[in-house]
Amino acid sequence: MKLYALSGDPAKPCYVLSYKGLMIMLDCGLSINSVLNFLPLPLVQSPKFQCLPNWNCRDSDIQLEDGEIKECCGCAFVNSAPEFVPPLEKLIDFSEIDVILISNYTNMLALPYITEGTGFCGTVYATEPTLQIGRFFLEELVEYIEASPKETTARMWKEIQHQLPGPLNDVFKPKNWRHLFSMDAVNRSLARVRMTGYDQKLDIFGALQVTPISSGFCLGSSNWTIVSGQEKISYISGSSTLTTHPRPINQTALKYSDVVIMTGLTQAPHVNPDAMLGELCMNVMMTLRNGGSVLIPCYPSGVVYDLFECLSVSLDNQGFTQIPMFFISPVADSSLAYSNILAEWLSTSKQNKVYIPDEPFPHASLVKNAKLKHFKHIDSEGFSTEFRQPCVVFCGHPSLRFGDAVHFVELWGSNPLHTIIFTEPDFPHIQALAPYQPLAIKTVYCPIETSLNFQQANKLIKELKPGVLVIPENYTQPPAIAPQKLDLVIDPIPDKMIIKFKRGEVIKLPLKRKRGRVYLNPKMAKAIVPQEVQPGVTVSTVTGVLQVKDNIHDLLPLEPTKEELAEEQKSKPTSPPQPFSQLRTVRYEWGTLDINLLLKKLAQDGFTDLKVEQGSAEEVTLVLPSEDTIIKVSEKSTEIVCGGKQSLRLKLRDLLLQCVQSF
């Protein structure tokens, strides 16, 4: 079994598992951090960005397009449509992927890169919320980029990257970056997804059985178990043991796996999400008291639901009942409506509200009472009429490179009364704000990350008792944001193997198939007569035809040939019919092959040019040059390679069987 690491970001994983002749892709996360190297895309032309000075190369032989690189406060930015980092495509042919298993909607944004234009013809599995909310994320992303098209595309800067100023001179392989796909590609890609439910066993070509298990991270998020006969592999990605709105994590189904692949741990391991939520509410209240407004760059689903609930309660408690909250996203309507019809995917407390009946999320009542107002864009009908300050605005994109958030940063950036609060840990907030500098707006970093932290992950690993643990190399050393925290790592497991990997590596996993499942035909089962060989132990020989079809092994009865049936009728025309297994003489071979006897019999049969090559202590190779044939004999197997000469192979097989013991 092999693992191909196509992603270098554990928070946006994409791996391929090669097992039993199948290629299984685990998630297809899209790394978006590359967009921080580009100038923001304002909804209308921005004098600030247009007036930024161009960067020119000192080497006169190198000519960049006019305005291709802009400088702002000592940092260089590409003046072009943003580009993204898709999963590594040179390591594996995407057309060979048989199945893709999606853990949650944050890990499926690269799906169009993998399924469209690559020859992919496999199947994608995801839960219903993962598919639908993933669609919201993709639609929003495409619409943001297409809303502010760039006239030109910067290309030359990648050829002289080493001569560019920071941070562009340090970016990793920008030639692999790609522009975003179209909405048509998104629709075609999502049409390939088959929806599944928790604990639903899915058959993969008869070879494997995969099952999505609740992970507790977000609506519809799942871990996956992959079972083959006696082997079990668990893929843990984006899990949480906290009590929030999704259904809780199912740990029992993950126990005692032969291999556990763990990724998607918290990106903010140095902070507590509950403390960050309290700090966020405090900063919002302080800003509103001073007459300022608050901008919270967010995604269209996920933590934002909890923020609506928490902030609405804090506003009421602090006497700010008239302060409006605005949720602005191209998919705001769909996201708010869809979240309230997902009872089966919610925590027990949220489910109970549905049966009262009541909406599981408070944002439904907030919308009815006009405390939460949602719009597709800031230029949507009614927004200018409804908009008033002070207020709290939720809008995208958290990178601050596109979307309505760009407008609000430019609108409020010069006023110190306002506050921008970063809750998504995907982007370093200092880099996100870099092209807008200088800024007077107050900046607060409150990353709210509900994924497993290292303490929770270590506890979970001990409870699951995996045979082998496979983790990204990043998890074996403290994170860059807290290098002094030596406890922010995955702990070694006594007497257990931990395998680490990084982007671009192909790892061999120590999982060898020792047993397989064979289905015994009912007719054969009825004919079995066990014999007791010692107290409590009975055995019986079985003779049949092993049929392998769609990776399913069936043991079927032997069928007599026409000649044998005719002979049977001639010899015993009046006797009652007997099972064919009793008519044919069957030999059962066992024991070790006698090499010396085989050599003698080969010589007697005319194979005089025989060469013997001794390999390891347990392997011997016999070469017949004149017949272009090789016989490999080892302790556990014997292989005959004779270039398609079926009659010769059968002859050699019969000679081999004469050199082992039988009964």
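Me: At what angle do the axes of helix H3 and helix H4 cross, and within what distance do they come?

Reply: This is a predicted model, and in it the axes of H3 (residues 128-147) and H4 (residues 183-190) come within 10 Å and cross at roughly 170°. Since angles over 145 degrees count as roughly antiparallel, that crossing angle makes H3 roughly antiparallel to H4. The crossing in which H3 passes H4 is right-handed.

Me: Which residues make the contact between H3 and H4, and how do they divide by class?

Reply: H3 contributes Leu131, Arg135, Leu138, Glu139, Val142 and Glu146, while H4 contributes Met183, Val186, Asn187 and Leu190. By class, this contact of H3 with H4 has six nonpolar residues, one polar residue and three charged residues.

Me: How do helix H5 and helix H6 pack, and how far apart are their axes?

Reply: H5 (residues 273-289) and H6 (residues 303-317) pack at an angle of about 50°, with their axes 10 Å apart, and that angle makes H5 oblique to H6. H5 passes H6 in a right-handed crossing. On the H5 side the contact is made by Leu277, Leu280, Cys281, Val284, Met285 and Leu288, and on the H6 side by Leu307, Cys310, Leu311, Ser314 and Leu315. The residues of this contact of H5 with H6 divide into ten nonpolar, one polar and no charged.

Me: Turning to sheets, how do strands pair in general, and what is the order of the strands in the open sheet of four?

Reply: Strands of a sheet pair through backbone hydrogen bonds, in either a parallel or an antiparallel manner. Here the open sheet of four strands has the order S29-S30-S31-S32, with antiparallel pairing. Strand S29 (611-614) and strand S32 (638-641) stand at the edges with a single partner strand each, so one side of each is left without a neighbour in the sheet. From one strand to the next, the twist averages 15°.

Me: How many bridges join S30 to S31, and which strands does helix H18 touch?

Reply: Strand S30 (residues 619-624) and strand S31 (residues 629-634) run antiparallel and are joined by six bridges, with glutamate 619 standing opposite serine 634 in S31. Helix H18 (residues 646-657) packs on the sheet, where it touches S30, S31 and S32, and its direction makes about 155° with that of S32.

Me: Where does pLDDT stay under 50?

Reply: Where pLDDT is low, the predicted coordinates should not be read in detail. The protein chain averages a pLDDT of 86, and 90% of the residues score at least 70, but pLDDT stays under 50 over residues 578-583.

Key. Residues are numbered from 1 along each chain as its sequence is written. This is a predicted model: local features need pLDDT of at least 70, side-chain atom pairs count only at pLDDT 80 or more; totals for chains, interfaces and linings use all residues. Side-chain values use heavy atoms; hydrogens and water are left out. pLDDT is the predictor's confidence in each residue, from 0 to 100. Contact means heavy atoms within 4.5 Å. Axes are lines fitted to C-alpha atoms, for helices over the stretch in contact, and angles run from 0 to 180 degrees between N-to-C directions. Helices (H or I, at least four residues) and strands (E, at least two) are DSSP runs, numbered from the N terminus. Angles under 35 degrees count as roughly parallel, over 145 as roughly antiparallel, 65 to 115 as roughly perpendicular and the rest as oblique. A crossing is left-handed if the near helix is turned anticlockwise from the far one by less than a right angle, and right-handed if clockwise. Ala, Val, Leu, Ile, Met, Phe, Trp, Tyr, Cys and Pro count as nonpolar, Asp, Glu, Lys and Arg as charged, and the others, Gly among them, as polar. Two strands pair if DSSP finds at least two bridges between them.
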